[in-house]
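Take a look at it first, and then we'll walk through a few of its parts.

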Amino acid sequence: DHKIKVGQIIAEIQLLQRIADNILNLIKMQDGAMKASAQLEPVDELMELAYQTIKSRHPLCRLEVQIPQETVLVMADSSLMLQVLINLIENAYENDNQAWIKLSAKRVDDSLLIRVSDSGTGLSPTSLEHFFEPFPSDKPQSNSKHLKTGIGIGLAICKMIVDMHQGLITIEKNDTSGCTF
């Protein structure tokens, strides 16, 4: 019983640290104090690190990673792009911890398409237009299937980071009733 409580306390501290880091990053990005330091990065390494990070934070997360067969390099700030991948995956998991989540990447002409898809509960039509704005969290309250742990800034941070890299981030409903970023 004591070990369980200690584990829960540690998990809560880690969550608070991630929330504090997200708030600080949001402020820095809005003030223009955070800049991307881009260099050529192997996409497979970013994807593998995102997988390892998610599995260490959420061991029960049903995450599948489809790494491209060929070596794909992307001009990116690896720590910022890693934060995007982790935020997108955690957003899917926290909305429905029973959902399957897939992280994939592929080349499309001269661009790189990275997708995070889930089989979750989907999106409300009203949330789509404000999805990347800070603070309007559309996450359900905690129960056995849903974990409301964020405050609604993770996706705003993702958009700002992708914009810093001159990329594009979108969201759409997918065939499994979930969504794809």
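Angles under 35 degrees count as roughly parallel, over 145 as roughly antiparallel, 65 to 115 as roughly perpendicular and the rest as oblique. The axes behind such angles are lines fitted to C-alpha atoms, for helices over the stretch in contact, and the angles run from 0 to 180 degrees between N-to-C directions.

A word on the source: this is a predicted model, where local features need pLDDT of at least 70, side-chain atom pairs count only at pLDDT 80 or more, and totals for chains, interfaces and linings use all residues. Residues are numbered from 1 along each chain as its sequence is written, and side-chain values use heavy atoms, with hydrogens and water left out.

Let's start with two helices. The axes of α2 (residues 43–57) and α3 (residues 78–95) come within 9 Å and cross at roughly 50°. α2 and α3 are therefore oblique to each other. Helices here are DSSP runs (H or I, at least four residues) and strands are too (E, at least two), numbered from the N terminus.

Who touches whom? From α2, the residues in contact (heavy atoms within 4.5 Å) include Leu-46, Ala-50 and Ile-54, while the α3 side includes Met-81, Leu-85 and Ile-89. By class, the contact of α2 with α3 has 10 nonpolar, 2 polar and 2 charged residues.

Now for the core, a set of buried Ala, Val, Leu, Ile, Met, Phe, Trp, Tyr and Cys residues joined through side-chain atoms within 4.5 Å. The largest nonpolar core has 36 residues, and Leu-88, Ile-101, Leu-103 and Phe-181 touch the most other members. Two or more residues each come from α2, α3, β4 (100–108) and α5 (154–164), and α3 gives the most, with 10 residues.

Leu-103 sits in strand β4. Leaving aside neighbours within four places in sequence, Leu-103 is in contact with residues including Met-47, Ala-50, Leu-85 and Ile-89.

| Residue | Relative accessible area | C-alpha to C-alpha distance |
|---|---|---|
| Leu-103 | 0% | 9.0 Å to Asp-118 |
| Ala-99 | 1% | 9.8 Å to Ser-117 |

Definitions and conventions:
Ala, Val, Leu, Ile, Met, Phe, Trp, Tyr, Cys and Pro count as nonpolar, Asp, Glu, Lys and Arg as charged, and the others, Gly among them, as polar. Buried means under 20% relative accessible area, exposed over 50%, partly exposed in between (1.4 Å probe, protein chains only).
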